[in-house]
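Work through the exercises below with the sequence and the 3D view open. Try each task before reading its solution.

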Amino acid sequence: MALAVALGWTGPALASRDAGQAGADEPSVAASLEGNYLAAVVAGASRDASAAARYFGEALRSDPRNRDLQERAFIAFLASGEMKEAFAAAQKILARDPGNALARLAIGVRDLKAGQYVKARAQFQRGGAAASDVTATLLTAWSWAGSGNFKKALETVDKLRSVNAFTLFREYHGGLIAALGGPKFRSEADRRMNAAYAMERTTLRVVDAYGRYLSGVGDRDAATAAYDAFLKLAPRQPIAAASLGALKDGKTLAPLVSGAQQGAAEVLYGLGAAGNQQGDELAAMIYLQLSLYLEPKNEMALITLADIYERLRKPEDAIAVYRAIPETSPMRASADIQIGVGLEALGRGDEAIAHLEKLVKERPDDVDAPSALGALYRSKKEWVKAADAYTAAIARTGKPEPRFWSLYYFRGMSYERARQWAKAEADLKQALELAPDGDGRERAVVLNYLGYSWVDQGINLKEAFDMLHKAVALRPRDGYIVDSLGWAYYRLGRYDDAVRELERAIALKPSDPTINDHLGDAYWKTGRKLEARFQWNHARDLEPEPDELPKILAKIANGMTDDGKPAEGKDAANRPADGNGATAPKPADRRQEGDQPSGKSQPDGAAPGKGEDAQPSPKGEPGKDAPVKEPADGSGKDAPAAPEQRKPDQPAPGSAPAPGPAPAPGKGLTPDDRGEAPVGRGGAVSGEARDGAGSQTPAQTPSPASRPAEKKLD
């Protein structure tokens with residue numbers, strides 16, 4: 001936490017103002033040293049690195065010899081991308097503290113960019129033990145490559161051999177260095193690139209580097225096979241799809257790294273991506289800003305930086321970063337979609353819709369743009385328009401395929417909310433047919449929605465209950481799905497069974513108002529009146545939907561009537577104090593629409609659906625402040641994350657380790673590159689496939705927050 005403490009941050013930090021990337025107005029400085037210092041601390045506490053840099057800088061001007069201010073300002077300058085100021089501060093720090101590793105790193109990067117490789121190497125070697133510090137070792141190796149000594153560069157990389165966790169880094173960067181060394185190092189490049197690919201076949205960055213290497217040495221067939229294999233797991237991932245398309249057009253792909261500066265930028269990007277995945281935003285920001293200093297157009301670093309902005313609820317800054325992504329980048333299309341998400345998160349809904357509608361018209365073959373538009377309309381509860389947008393997306397898919405199951409699911413949910421049940425049922429059945437087997441979590445979402453819809457209407461009851469039981473079996477720790485089964489029992493008058501399942505649901509999701517309300521109703525029907533009122537009181541305190549609160553209050557005061565409605569006050573006078581005679585209430589709005597995985601949350605405010613780790617939004621509806629992230633098929637991502645939810649306003653954990661420690665194998669090489677429709681919390685679409693451990697394994701599930709919100713009963 002040293003970096004975080006230096007800025008007064010105890011949680012996630014914010015990223016940069018570099019190269020015009022900040023969208024917010026410049027903060028006004030105070031008139032005194034104390035005022036600027038306090039303003040900087042407040043900015044740090046609110047996780048605004050740009051403002052912290054501004055205020056610390058002003059404070060430092062008033063007291064230039066203050067060591068504490070120097071260090072705090074230096075870290076803030078790095079995190080916000082103000083490199084000129086950061087390098088000046090680093091020089092002053094090194095003058096009094098030659099052992100400051102972060103200052104050495106910054107000056108070394110500056111020297112490396114200037115082509116002063118001997119000076120850079122001296123900084124890296126003095127700033128960290130090359131045999132144990134992955135950052136210092138790899139940057140030192142690339143400085144040797146810049147000097148043209150590839151043999152020494154490879155020897156330096158191999159100093160990581162003693163640490164098994166660094167094997168992927170060693171082989172990956174060793175392969176890139178050997179490839180840069182030319183024919184003399186061809187066999188070494190072959191061996192190392194093959195080894196790196198064998199370890200991480202599902203990591204986009206490794207696959208792309210490998211495919212480009214094979215293309216460069218004339219092995220087009222092997223390169224094509226590598227991209228084909230990846231795209232089977234992450235269909236339509238933009239970078240992989242673009243590379244494969246170029247190969248099929250007979251083109252030779254350019255190498256991923258063509259010089260020492262790019263190689264060093266790749267090291268820093270990889271470490272920044274790892275920090276982002278692990279929730280270490282401050283360290284991630286510093287690595288990414290240094291990477292962008294070396295390679296300003298590094299699309300992977302830009303995408304990851306925007307991801308951090310989104311997670312830290314800075315949509316204006318995220319928009320600016322997305323706009324900095326080159327027009328020629330395969331990621332530009334998904335960046336444009338994320339701009340629409342950001343506009344919605346800023347409360348500029350009409351502008352967001354106009355922006356996405358423009359993309360739909362300009363890209364007649366793009367599935368993601370209309371899918372994102374549908375997500376935005378769902379967040380606004382404009383169900384017919386949402387269904388129309390999904391219809392446009394489906395029309396562009398050509399034919400139903402498993403990768404497009406979520407489009408039918410979302411359209412079916414929209415039709416159901418628009419009370420067009422025949423169309424909704426057809427789409428939900430189609431989604432169930434297409435939903436990938438995998439671990440069954442996606443199928444559970446559809447089974448739950450369709451099964452409960454049938455129970456709600458009193459049709460296909462046996463099949464409906466089979467579906468709900470299957471959904472629970474697939475996701476036994478999903479409190480919302482368990483609640484659906486319990487409420488289905490309640491609707492059929494099987495109150496003891498309802499109590500059993502609803503008590504399980506409460507154990508899994510104790511803070512959900514609707515589940516508490518349901519359990520209260522079930523208790524009432526089994527004669528447990530005191531416990532019923534306890535649950536209703538609890539539901540009341542958990543901020544239920546506004547239209548449900550009066551019903552809950554009425555039940556607390558008067559119990560329920562025989563027709564299942566909250567009793568009126570006059571009825572209470574004719575019955576015992578415990579409310580005898582009450583029956584089932586009108587079903588609450590609680591069928592599941594889907595879940596929202598972690599990951600970029602998706603637009604803030606997007607409603608999490610029923611997910612094992614999610615915090616539900618009231619009544620499970622999509623949020624009002626931002627659309628849910630909408631992958632049509634995982635396109636644009638290497639692969640969306642597995643379904644899990646996070647509360648829309650819940651920030652990712654943030655600690656800040658000092659730069660240098662190595663991430664787990666593979667993590668530092670996996671870009672957080674996104675290429676899919678908007679995410680639920682205003683977050684970006686993660687372009688790398690993730691297996692939950694950060695190794696990014698492609699999957700075909702909807703991306704974070706792209707799941708529908710909980711299904712409800714009307």
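Predicted model: local features only at pLDDT ≥ 70, side-chain atom pairs only at ≥ 80, totals over all residues.

**Exercise 1. Find how many helices and strands the protein has, and what share of its residues is buried.**

Solution. Step 1: the secondary structure consists of 32 helices and 0 strands. Step 2: a residue counts as buried when its relative accessible area is under 20%. Of the 714 residues in the protein, 63% are buried. Step 3: turn to contacts with a separation of 6 or more; 67% of them join residues 24 or more positions apart.

**Exercise 2. Decide whether helix α12 is largely enclosed, and name what its buried residues pack against.**

Solution. Step 1: α12 covers residues 204-216, which is 13 residues. From first to last C-alpha it reaches 18 Å, close to the 18 Å expected at 1.5 Å a residue. Step 2: 12 of the 13 residues are buried, so α12 is largely enclosed by the rest of the structure. Among the buried residues are Leu204, Arg205, Asp208, Tyr210 and Tyr213. Step 3: these buried residues pack against α10, α11, α13, α14, α15 and α17. Step 4: look just after α12, where glycine 218 has a positive phi of about 90°.

**Exercise 3. Describe how α15 and α16 are arranged relative to each other.**

Solution. Step 1: a pair of packed helices is described by the angle and the distance between their axes. Step 2: the axes of α15 and α16 come within 8 Å and cross at roughly 160°. Step 3: angles over 145 degrees count as roughly antiparallel, so α15 is roughly antiparallel to α16. Step 4: the crossing of the two is left-handed. Step 5: residues of α15 including Ala264, Leu268 and Leu271 meet residues of α16 including Tyr287, Leu288 and Leu290.

**Exercise 4. Which residues does the UniProt annotation "repeat: TPR" cover, and what is the helix content of residues 479-512?**

Solution. Step 1: in the unreviewed UniProt entry, the annotation covers residues 405-438 and 479-512. Step 2: over residues 479-512 the chain is 79% helix and 0% strand. Step 3: the end C-alpha atoms of residues 479-512 are 9 Å apart.

Methods: Residues numbered from 1 in each chain as written. Heavy atoms only, no water. UniProt positions renumbered as here; feature names shortened; annotations may be inferred. Helix = DSSP H or I, 4+ residues; strand = E, 2+ residues; numbered from the N terminus. Expected span 1.5 Å × (residues − 1). Buried < 20%, exposed > 50% of the residue type's maximum accessible area, 1.4 Å probe, protein only. Contact = heavy atoms within 4.5 Å. Axes fitted to C-alpha atoms, helices over the stretch in contact; angles between N-to-C directions. Parallel < 35°, antiparallel > 145°, perpendicular 65-115°, else oblique. Left-handed = near helix turned anticlockwise from the far one by under 90°.
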